[in-house]
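Notes are in the order I looked things up.

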Amino acid sequence: MKKLSSIVLLASCSLFQPAANAESITNNSVEKTTLSDYQLVWSDEFDKPGKPDASKWGYEKGFARNHELQWYQEDNAFVEDGKLIIEAKRVKIKNPNFEKGSKNWRTARKYVRYTSSSLRTKDLHSWQYGRFEVRAKISAKDGLWPAIWFLGVEGNWPSNGEIDLMEYYQGDILANACWEAKKQGRAKWDAVHVPVKSFNIDDWDSRFHIWRMDWDENSIKLYVDDQLLNTIELSKTINKGGRGPENPFKQPHYMLLNLAIGGDKGGNPKGTAFPSRYEIDYVRVYQQQP
């Protein structure tokens, strides 16, 4: 059982912010800030073994996006030893949506080669502003693409706004946000890539880490282990394509936790051992109370 405070939150806010494609992370001074007006408004501690809480999480199904290799299904997500486990497996099963001669990548594949899970709070829970904290352990191996991310409830991508509290692929940790550029359907990114090796910890991906987002009406700040990776100024996140809300980050967003394989960014999983696990210890959402 994890212990948490629902009233007073003591935060360690780093003064360090690397530029995009940062080459190194060093130890920096930490400023302690007491946020006594924040309260816990939603959480999942994953203390009940079995299937994830259906009142909190739904699922994506099938092939989703980015030409990724995995077939998403509920069976690859379960709670064990106080943690949510998202397990990716290497398989060979028939694609139930296969269409001979199809030019659509989702239906052109005769076989499913990998399975995984993508959990989301869509249509169940969404939040506008607050502190979001996830303690998780990822495997930083070739072809794996775990993420903690958020999408706005109004508008089509990217005009609804995407926040990537954490992505990993091809050796880098990413902390990003995107919205719609001048050309409809094209994303404008504020992205930071930090090489895992720059943390200078040999077994970094065998440890749990705390990813945190502090989001208010002025900015989105993305951290790992109290190191500030990226600050997105909301004065700049204006949709230019004529779709969706004017500023997508001034609306509620829902959360996704997923483990993708391969695809446009994930790299080649051929040499990676499966099954591979993405483990989430807890998810907590704090907001300021009036």
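**H125.** I started with H125 and found it in the loop between strand 9 (118-120) and strand 10 (130-137). This is a predicted model, so everything here is read off computed coordinates.

Next I listed its neighbours. Leaving out residues up to four places away in sequence, H125 touches W42, S55, K56 and Y254. Two of these also turned up as polar partners. The side chain of W42 makes a polar contact with the side chain of H125 at 3.4 Å. With S55, the backbone oxygen is involved, and it lies 2.9 Å from a polar atom of the H125 side chain. As for Y254, it sits 129 residues from H125 along the chain, yet their C-alpha atoms are separated by 6.3 Å.

**D214.** I moved on to D214, which lies in strand 15 (residues 209-215). D214 is buried, because its relative accessible area is 16% and the cut-off is under 20%. Which side chains does D214 pair with? I found R131, joined to D214 by a polar contact of 2.5 Å, and R212, in polar contact with D214 at 3.5 Å. Beyond four places in sequence, D214 touches G130, R131, S219, I220, K221 and Y223.

**R186.** I then checked R186, in the loop between strand 13 and strand 14. Leaving out residues up to four places away in sequence, R186 touches P158, W179, E180 and A181. I also noted G241: it is 55 residues from R186 in sequence and 8.2 Å away in space, C-alpha to C-alpha.

**Largest pocket.** I looked up the volume of the largest pocket and got about 720 Å³. Its lining has 33 residues, and R65, N66, W149, W157 and E162 are the closest to its centre. Which element gives the most to that lining? I got strand 11, with five residues. Other elements giving two or more include strand 12 (162-169), strand 18 (253-261) and helix 2 (263-266). By type, I have the lining down as twelve nonpolar, ten polar and eleven charged residues.

**Cores.** Last, I checked the nonpolar packing. The largest nonpolar core has 53 residues, and W211 and Y278 touch the most other members. Apart from it I found another core, of six residues, including A64, Y169, L174 and A260. In soluble globular proteins, nonpolar side chains tend to be buried together.

Definitions and conventions:
Residues are numbered from 1 along each chain as its sequence is written. This is a predicted model: local features need pLDDT of at least 70, side-chain atom pairs count only at pLDDT 80 or more; totals for chains, interfaces and linings use all residues. Side-chain values use heavy atoms; hydrogens and water are left out. A nonpolar core is a set of buried Ala, Val, Leu, Ile, Met, Phe, Trp, Tyr and Cys residues joined through side-chain atoms within 4.5 Å. Buried means under 20% relative accessible area, exposed over 50%, partly exposed in between (1.4 Å probe, protein chains only). On a 1 Å grid over the protein atoms alone, a cavity is a set of points where a 1.4 Å probe fits but cannot get out, and a pocket is an open set with protein on both sides within 12 Å along at least five of seven lines; lining residues have an atom within 4 Å of a point. Grid points are joined across faces, edges and corners, and a volume is the space filled by probe spheres set on the points. Helices (H or I, at least four residues) and strands (E, at least two) are DSSP runs, numbered from the N terminus. Ala, Val, Leu, Ile, Met, Phe, Trp, Tyr, Cys and Pro count as nonpolar, Asp, Glu, Lys and Arg as charged, and the others, Gly among them, as polar. A polar contact is a pair of N or O atoms within 3.5 Å; within protein, one must be able to donate a hydrogen and the other to accept it, and residues adjacent in sequence count only if both atoms are side-chain atoms. Contact means heavy atoms within 4.5 Å.
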